[in-house]
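Take a look at the model shown here. The paragraphs that follow walk through its parts one at a time.

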Amino acid sequence: MKKQKQKLLNDIQNELTIFRSKDVDQRILTVIKDSNVLPEPVIKNVTINDLHVIQAIGQEDVRISEIVSKLPLTQGAVSKIIAKLSKVNLIIKKHKPDNRKDTYVSLTDDGKKANRLHMEYHQKMNQKIQQLAMDFSKDELKTINDFLRNVNQMRE
């Protein structure tokens, strides 16, 4: 029994190595860049953090401080990303007439396209995970979840 458990542990470690080697962020960026929905000069330097800021903005005017609270990024990092996204016309910065202190941002049409492509990618992946989960029992899924949670906690 000990040999079987060690073999399973080795198999799990191999699968985790493969998982880590497949850069999901790079795949998302490739999908967006290959979509030809956005002009090349606009999308060529977009990073995954840029896409996460775009996603945090969503469909409404949002204060920069609200974006910071939604992401694991510093105020300075978000401010730099906002400036960059504004420069390539993926977002618009503005002030409300009754509030000149706070800066609000919203997505341009191209920003909405980038956000849609990013969200569609995640939706497709989530559907595939849902389909894959159908092959496992509730107890097996709980065990998988517990294991992955512990691995993530260990990595913090």
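Start with His 118. Leaving aside residues up to four places away in sequence, His 118 touches Ile 28, Ile 32, Leu 51, His 52 and Gln 55. Contact here means heavy atoms within 4.5 Å. His 118 sits in helix H7. Helices (H or I, at least four residues) and strands (E, at least two) are DSSP runs, numbered from the N terminus. The relative accessible area of His 118 is 0%, so His 118 is buried. Buried means under 20% relative accessible area, exposed over 50% and partly exposed in between, with a 1.4 Å probe and protein chains only.

A word on the source. This is a predicted model, in which local features need pLDDT of at least 70, side-chain atom pairs count only at pLDDT 80 or more, and totals for chains, interfaces and linings use all residues. Residues are numbered from 1 along each chain as its sequence is written, and side-chain values use heavy atoms, with hydrogens and water left out.

Now follow H7 itself. Helix H7 covers residues 109–133, and at 1.5 Å a residue its 25 residues should span 36 Å. The expected span is 1.5 Å times one less than the number of residues. The end C-alpha atoms of H7 are 36 Å apart, which agrees. Which residues of H7 are buried? They are Asp 110, Gly 111, Ala 114, Asn 115, Leu 117, His 118 and Tyr 121. An α-helix has 3.6 residues a turn, so residues three or four places apart point the same way. The buried residues of H7 pack against helix H2 (24–34), H4 and strand E3 (99–107).

Next comes H4. H4 and H7 pack at an angle of about 100 degrees, with their axes 9 Å apart. Axes are lines fitted to C-alpha atoms, for helices over the stretch in contact, and angles run from 0 to 180 degrees between N-to-C directions. H4 and H7 are therefore roughly perpendicular to each other. Angles under 35 degrees count as roughly parallel, over 145 as roughly antiparallel, 65 to 115 as roughly perpendicular and the rest as oblique. From H4, Leu 51, His 52, Ile 54 and Gln 55 meet Gly 111, Ala 114, Asn 115, His 118 and Met 119 in H7. By class, this contact has four nonpolar, five polar and no charged residues. Ala, Val, Leu, Ile, Met, Phe, Trp, Tyr, Cys and Pro count as nonpolar, Asp, Glu, Lys and Arg as charged, and the others, Gly among them, as polar.

H4 also packs with H6. Helix H4 (residues 48–57) and helix H6 (residues 75–87) make an angle of about 85 degrees, and their axes are 10 Å apart. H4 and H6 are therefore roughly perpendicular to each other. Asn 49, Asp 50, Val 53, Ile 54 and Ile 57 in H4 meet Ile 81, Ile 82, Lys 84 and Leu 85 in H6. The residues of this contact divide into six nonpolar, one polar and two charged.

Turn to the sheet. Three strands form an open sheet in the order E1-E3-E2, with antiparallel pairing. Two strands pair if DSSP finds at least two bridges between them. Strand E1 (62–63) and strand E2 (91–96) are at the edges, each with a single partner strand, so one side of each has no neighbour in the sheet. H6 packs on the sheet and touches E2 and E3, and its direction makes about 110 degrees with that of E2. Two bridges join E1 to E3, and Arg 63 stands opposite Tyr 104 in E3. Tyr 104 is also the bridge partner of Lys 94. E2 and E3 pair over five bridges and form a hairpin with two residues between them.

Finish in the loops. Asn 36 lies between H2 and helix H3 (40–43). Asn 36 has a positive phi of about 60 degrees although it is not a glycine. Its relative accessible area is 68%, so Asn 36 is exposed.
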